[in-house]
Each structure stands twice: as structure tokens, then as C-alpha cells.
Amino acid sequence: MWREPQTLQAEAMEGREEEQKEEEEEKAEKIALWLKKIFGDQPIPKYEVNPRTTDILYHLSECNKTRDRDVSLVIEDLKQKARDYESEAKYLQDLLMESVSLSFTSLSSIGSSYLNALVDSALVLETKDTSLASFIPAVNSLAADLFRTKARNEEMEVELNKLGKNLTATLILEKCLREDLKKAELHLSVEKARVDSRISNIDFLKAKSDDLRLRIKAAEEQLSARGMDDSLSHQSLMALSERLAELKQQTAPLKKKLESYLDLMPNPSLAQVKIEEAKRELVCNLIKFVNVAPKCSINFPLSSFSHTHIFFYSFSKHVLSN
């Protein structure tokens with residue numbers, strides 16, 4: 001019978017859903033049995049049933065079953081070993097009874113203590129029996145472990161000594177660093193106070209300079225309003241003073257030259273010529289000075305010159321007129 005692909009796909013999906021439901025129901029039954037086994041007579045706590053919790057509980061139940069199976073195998077193995085040890089002990093006890101008629105109950109207190117010490121040694125050394133063939137390798141292994149432990153302890157002691165020296169050096173270095181830090185903090189506080197003082201001084205000087213700038217500006221405006229000439233400024237007076245100093249330096253060699261001529265023997269004609277030349281050179285320098293003064297835009301009153309200057313000024317005028 002012909003069926004459409006959609007119908008077949010729907011039937012397949014229904015089949016998978018039924019299988020999933022059966023699988024979930026099987027898991028739920030196994031989980032319920034496992035929880036009942038775990039809690040026993042106690043009530044099972046309520047939990048939200050969904051696919052995630054079901055999968056987690058199912059995984060835990062499988063892990064628990066696997067662990068129980070492994071534990072049961074270990075228990076069976078230990079029981080088997082215990083039975084083997086009991087049979088071997090019974091064999092040895094029967095052998096002692098048959099050979100020397102000796103039993104554990106017939107031993108003295110010293111013999112019992114020796115036997116207990118032998119058993120304890122075998123347990124500590126983890127030997128399979130109390131024979132010398134088992135004790136000697138165990139003692140050798142224990143001695144080797146002891147030597148290795150001693151060597152390791154010596155290495156650790158050397159390392160500990162190194163660490164102690166390093167710790168001492170580190171502590172000394174830390175102490176030095178702390179002292180340097182204190183000194184640096186003290187120096188920083190001093191420098192900070194100095195910087196604060198300088199900042200306050202700078203602020204004061206800045207305010208003072210602003211005040212002086214305002215005063216200078218106001219004074220310049222006041223002098224400009226009163227019609228002050230620029231030739232009377234400090235800069236012009238300083239330029240004129242420098243020029244006067246240069247003229248004095250230029251006339252100094254002439255004065256020395258004139259003094260050298262004055263020291264000579266009197267020769268009326270030659271002396272008169274030299275004197276005339278010196279006078280004319282002196283007059284020229286004075287004329288230069290007289291010509292420079294008007295260029296500086298300074299109107300000096302006649303009373304500001306000394307009598308010598310007035311004399312040379314009149315003399316130069318007289319010489320120039322002649």
C-alpha cells in the first residue's frame with residue numbers, strides 16, 4: 001500500500017517519541033529504585049522531574065552502582081586474602097605443634113612480646129611474611145629511604161642557611177631603605193616648604209610688579225599730560241652722560257700731550273705753534289660737544305655748566321670768529 005513521505009516521517013517521529021518515553025520511564029523506575037535503596041525507610045526528598053534532573057540522577061545511579069560493584073570486588077578480594085592468611089597461620093601453627101609441640105598459648109610473656117614485636121615489624125615494613133628473606137630487603141629499602149631522607153635534609157639545611165643569609169641581607173637592605181625613605185621624606189618636606197615659600201614670594205613679587213607697572217603707566221600718562229619732553233628721560237640723560245665720558249676719554253691724551261710739551265725748554269716760536277695747535281684741537285672737541293648737545297634734544301640752562309665750560313665755550317667762539 002502506497003504511503004506519502006510525510007506520513008512515513010510522522011510515523012517515524014511518533015515511533016521515536018514512544019521510544020524516548022519508554023526510555024525515560026525506564027530511567028525513572030531505575031532512579032526510584034536507587035533512591036529507595038539509598039534512603040531506605042526515610043522519605044525521598046521531592047525534586048523537580050524534568051529531562052535534565054532525570055539524566056543527572058540516572059548518571060549518579062550508574063556511577064553509584066559501578067562504585068558499589070568495585071567496592072564489593074575489593075571486599076571479596078580482602079576476604080579471600082584473609083582466608084588465605086588464616087589458612088597459612090593454621091598451617092604454621094599445626095607445623096609448630098607437630099615439630100616442636102609449640103603453640104601461641106604455651107609461649108611465655110617474653111616470647112609473646114617478641115612474637116608481637118616481630119608481627120608489628122612485619123606490618124610496619126609491609127612484608128608478606130616474617131622470614132629473613134622478607135625482612136632484609138624491607139630493612140635495606142628502609143635504610144635507603146633513611147639515607148635519602150638525610151641527604152634531602154642536609155640539602156634543605158644548606159638551602160635554609162642560604163635563605164637565612166638572604167633573609168638577613170634583605171632585612172638589612174629593608175632597614176637601609178626605610179632610613180633612606182625617611183630621609184627622602186624629610187628632604188621632600190623641607191623642599192616642599194622651600195618651594196611653597198618661593199611660590200608665595202613669587203606671588204608677592206608678581207603682585208608688586210603688577211602694582212609698579214600700573215604706577216609707571218599712570219606716571220607716564222601723568223607726565224605725558226603735563227607735556228614732558230622725551231629728552232629729559234632717564235635713557236636720554238644716560239646717553240648724554242656716556243657721550244660726555246667718551247669726549248673726556250678723547251681729550252685725556254691731548255691733555256697728556258700738552259703736559260709733555262709744557263715740560264720742554266722754552267722755545268717761544270715752536271711753543272706758540274704747539275699751543276695754538278692744542279688750543280685748536282681742544283676747541284674742535286668742545287665744538288663737537290656743543291654740536292652734540294642740541295641733537296640730544298636737551299636744553300641745558302647756562303647756569304648748569306661750570307665756569308670752565310663757559311670759559312671754553314666763549315673762548316671757542318672767540319677763536320672761531322678770529
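In the predicted model, Cys176 has a relative accessible area of 36% and is therefore classed as partly exposed. Cys63 falls into this class as well, its relative accessible area being 39%. With a disulfide taken as a pair of cysteine sulfur atoms within 2.5 Å, the count of disulfides comes to zero.

As to secondary structure, the protein chain contains seven helices and zero strands, and its pattern, read along the sequence, is α-α-α-α-α-α-α. Of the 322 residues that make up the protein chain, 8% count as buried, where buried denotes a relative accessible area under 20%.

A patch of negative charge is formed on the surface by Glu14, Glu17, Glu18, Glu19, Glu22, Glu24, Glu25 and Glu29. Among these residues, Glu18 lies in helix α1, which spans residues 5–39; because its relative accessibility is 51%, Glu18 counts as exposed, the cut-off for that class being over 50%.

The nonpolar patch consists of Leu115, Leu118, Val119 and Leu123, which together present about 320 Å² of accessible area on the surface. One of these residues, Leu118, is placed in helix α3, which comprises residues 109–125. The relative accessible area of Leu118 is 33%, and this residue is therefore assigned to the partly exposed class, which covers values between the limits for buried and exposed residues. A value of over 30% is also what membership of a patch requires, and the 33% computed for Leu118 can be read against that cut-off.

Note on methods:
Residues numbered from 1 in each chain as written. Predicted model: local features only at pLDDT ≥ 70, side-chain atom pairs only at ≥ 80, totals over all residues. Heavy atoms only, no water. Patch = residues over 30% accessible without salt bridge, like charges linked within 9 Å, V, L, I, M, F, W, Y side chains within 5 Å. Areas by Shrake-Rupley, 256 points an atom, 1.4 Å probe, with all protein chains shown as cover. Salt bridge = Lys/Arg side-chain N within 4 Å of Asp/Glu carboxyl O. Lys, Arg positive; Asp, Glu negative; His and termini not counted. Charge placed at Lys NZ, Arg CZ, Asp CG, Glu CD. Helix = DSSP H or I, 4+ residues; strand = E, 2+ residues; numbered from the N terminus. Buried < 20%, exposed > 50% of the residue type's maximum accessible area, 1.4 Å probe, protein only.
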